[in-house]
Amino acid sequence: MKQCDYLIVGLGLAGMAFAETLRAKGHSFRVIDNGRPGASKVAAGLYNPVILKRYTLPWKAREQWALALPFYRELAQRLQVDVVRQLPVQKLFSSIEDQNNWIYASDSPALGDFLEGQVQKSTNKRLYSPFGLGTVAGTGQINIGALLAAYEQKLQEEHAFAKANFQHEELEIHPSGLRYQDLEVKRIVFAEGFGIKHNPYFHQLPLIGNKGEYLTIHAPELQLDAAVKSRYFLIPLGNDRYKVGATFNWKDKDSIPSEGAQNELKEWLAKTIDCPYEIVDQEAGIRPTTGDRRPLLGKHPEHERLAVLNGLGTRGIMASVYLAQMLYTHLEQQEPLLEEVDIERFRSSSSSNRSS
């Protein structure tokens, strides 16, 4: 019988961040992942500290920002993969009012470090930009798919990875520990994204899920050197290829690319660029989103050796390291979780509803 401290179920951004937190603290671990497309594997990979739709900072943005980029750079260097690059992000203004909102936001103490206040004129004749652009400072892109593939390979070399479905019926829970197949572990952390809906221990958590789809296009005449954002992102990948998206679909809960999403993105492109292009790929994934837009962290109410790290939504690049470290200190040092991310908030709400 093999032994280790932790078993992690799911190798997306959350699972990788928690595994690296364990490694840094000297814990042994194994990872299981089913290999299916998930939100992390199809994401565009932009790191950007500002929600450009509303000109606000995300929850705990500065704390996340301080940890995220150093983590990815160090990991990429250790894995010897070139996956982190600086890339400007520019907001494509839709109106004079949009311009004014940007300028006002750039003068605020919260956003002044991130938004360059000056409205710029685009020199790219292939981009429709009658109201100009605004630039976000310090942005870039991480090739998440390549990073996760390299990380999986490293885990395989360390005999710490299995590509398989987690068989919940084979989990044995004992007072002194857990047994899964030929492995004895102290704790299991479930970080399987929308796959939690099939998890008998945490399926009751209100993970809504949101389907996002991207196009990859080939557009030699476009010649963008920055990611552009209006309703969607248009992101240069190199070799005249661009990632376009992503859509938001709250109804469908599958990872199958759809004609409807393709048409939606093509309609947006027709209003955004003026050059021919070829669609070379379409991808879809389910974002692990929650109704209150806060992550899901914590222990199972009856089986405290089982824990969850989920609900990162659209901010997984920024949030994963911060949340992984928070869950670690909760499990290992009994530090309380922040109330807004603790899964106990739903039990407390249910109890209040029943008593009223």
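1. Helix α1 meets α3 through Leu13, Met16, Ala17, Glu20 and Arg23 on the α1 side and Phe71, Tyr72, Leu75 and Arg78 on the α3 side. Contact here means heavy atoms within 4.5 Å. By class, this contact has six nonpolar, no polar and three charged residues. Ala, Val, Leu, Ile, Met, Phe, Trp, Tyr, Cys and Pro count as nonpolar; Asp, Glu, Lys and Arg as charged; the others, Gly among them, as polar.

2. A note on the basis. This is a predicted model, in which local features need pLDDT of at least 70 and side-chain atom pairs pLDDT 80 or more, while totals for chains, interfaces and linings use all residues. Residues are numbered from 1 along each chain as its sequence is written, and side-chain values use heavy atoms, with hydrogens and water left out. Helices (H or I, at least four residues) and strands (E, at least two) are DSSP runs, numbered from the N terminus.

3. The axes of α1 and α3 come within 12 Å and cross at roughly 80°. That makes the two helices roughly perpendicular (65 to 115 degrees). Axes are lines fitted to C-alpha atoms, for helices over the stretch in contact, with angles from 0 to 180 degrees between N-to-C directions.

4. α3 also packs on α7, at about 95° and with the axes 8 Å apart. This pair is therefore roughly perpendicular too. α3 contributes Ala61, Glu63, Gln64, Trp65, Leu67, Ala68, Phe71 and Tyr72 to the contact; residues from α7 include Ile317, Met318, Val321 and Tyr322. The class count is eleven nonpolar, four polar and one charged.

5. The largest nonpolar core has 50 residues. Such a core is a set of buried Ala, Val, Leu, Ile, Met, Phe, Trp, Tyr and Cys residues joined through side-chain atoms within 4.5 Å; buried means under 20% relative accessible area (1.4 Å probe, protein chains only). Among the residues with the most contacts inside this core are Met16, Tyr72 and Tyr151. Elements giving two or more residues include α1, α3, α5 and α7. α7 gives the most, with ten.

6. Met16 touches Leu11, Tyr72, Leu75, Leu147, Leu148 and Tyr151, leaving aside residues up to four places away in sequence. A second, separate core of 23 residues includes Val9, Ile32, Phe194 and Ile286.

7. Three strands form an open antiparallel sheet, ordered β3-β7-β4. β3 and β4 stand at the edges with a single partner strand each, so one side of each lacks a neighbour in the sheet. β4 pairs with β7 over three bridges; pairing requires at least two. Gln86 stands opposite Gly140 in β7. α3 lies across β3, β4 and β7, at about 125° to β4.

Notes. Parallel < 35°, antiparallel > 145°, perpendicular 65-115°, else oblique.
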